[in-house]
Amino acid sequence: MSCITFIQEVFMERAATIGRLDGKQSGGGHERRLFYDKCGRYLFIAAAFLMTIIIFSIIFFVGKQGLMTFAEVSPLEFFFSASWDPSLGKFGALSFIVGSLVTTILSVLIGAPLGLLGAIFLAKVAPSWLKNIMRPATDIYVAIPSVVYGYIGLTLLVPYLRDALGATTGFGVLAASLVLAIMIMPTILSISTDALNAVSKPLEEASLALGATWWQTMVHVIVPAAAPGILTAVVLAMARAIGETMAVQMLIGNTPQIVTSLLSPTATLTSNIVVEMGNTPFGSVWGNALFLMAFVLLLISLAMILVIRRFGTRRV
């Protein structure tokens with residue numbers, strides 16, 4: 001018995017020693033994981049802080065440089081005059097502001113309904129094999145450079161508008177808006193499809209069980225439930241449309257005049273900046289006016305996003 005008791009005591013001491021060692025190792029591992037978590041959290045905070053600094057630095061630089069325009073140009077002249085002739089000291093940007101707003105709104109009015117209808121088809125109607133083809137195709141569609149869209153519009157759309165509608169040149173708001181509508185449709189389609197797929201399936205089934213038709217369910221149940229995601233898609237599409245440069249510059253006509261018709265050439269903030277940025281010395285009134293136009297573009301984009309989000313909050 002004494003031998004057996006001795007062996008039991010030895011095994012118990014050995015087990016206790018192993019348990020203490022495992023406890024130390026597990027405690028070290030836990031502390032290591034806590035350290036890694038803390039480093040990861042600080043890394044994310046530092047990255048967010050750095051991005052915030054970069055964004056506000058850009059806004060501050062563009063705004064500061066642009067506001068220097070008002071040292072020699074009246075704000076009333078800049079915002080309410082359509083006369084732009086830097087050689088004569090005239091810096092009225094009203095035509096560019098109106099051109100940007102009209103082109104963006106028209107492109108969204110054309111592209112948003114088509115993109116939403118495509119999203120409904122892709123999310124609720126299309127078979128699985130077709131979805132597997134269309135989703136990658138949509139992603140490729142987004143990746144096409146804007147200059148390619150502009151060149152296709154320049155060689156195909158502009159001559160068609162000139163011949164079919166009797167326009168003088170074919171350049172103008174209509175050509176630019178049609179190409180922009182095609183460019184923003186993939187963004188609206190992709191994000192709206194995800195928003196529609198995220199709607200609870202029992203919600204759709206309950207509507208159908210109450211006697212609603214499929215179309216009534218889509219219009220009155222599914223789309224309102226997915227409205228936040230759809231509005232996000234529209235906001236991103238508007239941001240791309242108002243900030244688009246190359247395609248618009250190739251199709252808008254680049255004429256500093258107020259929009260009088262959809263077929264008359266005009267200019268936008270982005271197109272005028274890209275056309276004249278290489279000819280202006282830094283720090284001159286002309287250069288500062290272009291910076292001010294860029295700052296106005298930022299403010300317009302922000303205002304449009306806030307309005308859409310405010311409207312979406314009330315709807316939801």
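Predicted model: local features only at pLDDT ≥ 70, side-chain atom pairs only at ≥ 80, totals over all residues.
The protein contains 12 helices and two strands. Read from the N terminus, the order of elements is α-α-β-β-α-α-α-α-α-α-α-α-α-α. The chain of the protein comprises 316 residues, and buried residues account for 37% of them. Contacts between residues at least 6 apart in sequence were also examined. Of these, 70% join residues at least 24 apart.

Two packed helices are described by the angle between their axes and by the distance between those axes. Helix 4 spans residues 128-143, and helix 6 spans residues 173-197. The two pack at an angle of about 140°, and their axes lie 9 Å apart. Helix 4 is therefore oblique to helix 6. An angle must be over 145 degrees to count as roughly antiparallel. The crossing of helix 4 and helix 6 is left-handed.

On the helix 4 side, the contact is formed by Arg-135, Thr-138, Tyr-141 and Val-142. Helix 6 contributes Ile-182, Met-185, Pro-186, Thr-187, Leu-189, Ser-190, Thr-193 and Asp-194. By class, the residues of this contact comprise six nonpolar, four polar and two charged.

Thr-232 belongs to helix 9, which covers residues 227-243. Along the chain, Thr-232 and Thr-187 are 45 residues apart. Their C-alpha atoms are separated by 10.0 Å. Thr-232 has a relative accessible area of 24%, so this residue is classed as partly exposed. The cut-off for a buried residue is under 20%.

Ser-100 lies in helix 3, which runs over residues 94-125. Leaving aside residues up to four places away in sequence, Ser-100 touches Thr-268 and Leu-269. A polar atom of the Ser-100 side chain lies 2.9 Å from the backbone nitrogen of Leu-269.

Leu-269 is in turn one of the buried residues of helix 11. This helix consists of residues 269-276. Six of its eight residues are buried, so helix 11 is largely enclosed by the rest of the structure. Besides Leu-269, the buried set holds Thr-270, Ser-271, Asn-272, Ile-273 and Glu-276.

Terms used:
Residues numbered from 1 in each chain as written. Heavy atoms only, no water. Axes fitted to C-alpha atoms, helices over the stretch in contact; angles between N-to-C directions. Helix = DSSP H or I, 4+ residues; strand = E, 2+ residues; numbered from the N terminus. Parallel < 35°, antiparallel > 145°, perpendicular 65-115°, else oblique. Left-handed = near helix turned anticlockwise from the far one by under 90°. Contact = heavy atoms within 4.5 Å. Nonpolar A, V, L, I, M, F, W, Y, C, P; charged D, E, K, R; others polar. Polar contact = N/O pair within 3.5 Å; in protein donor to acceptor, adjacent residues only side chain to side chain. Buried < 20%, exposed > 50% of the residue type's maximum accessible area, 1.4 Å probe, protein only.
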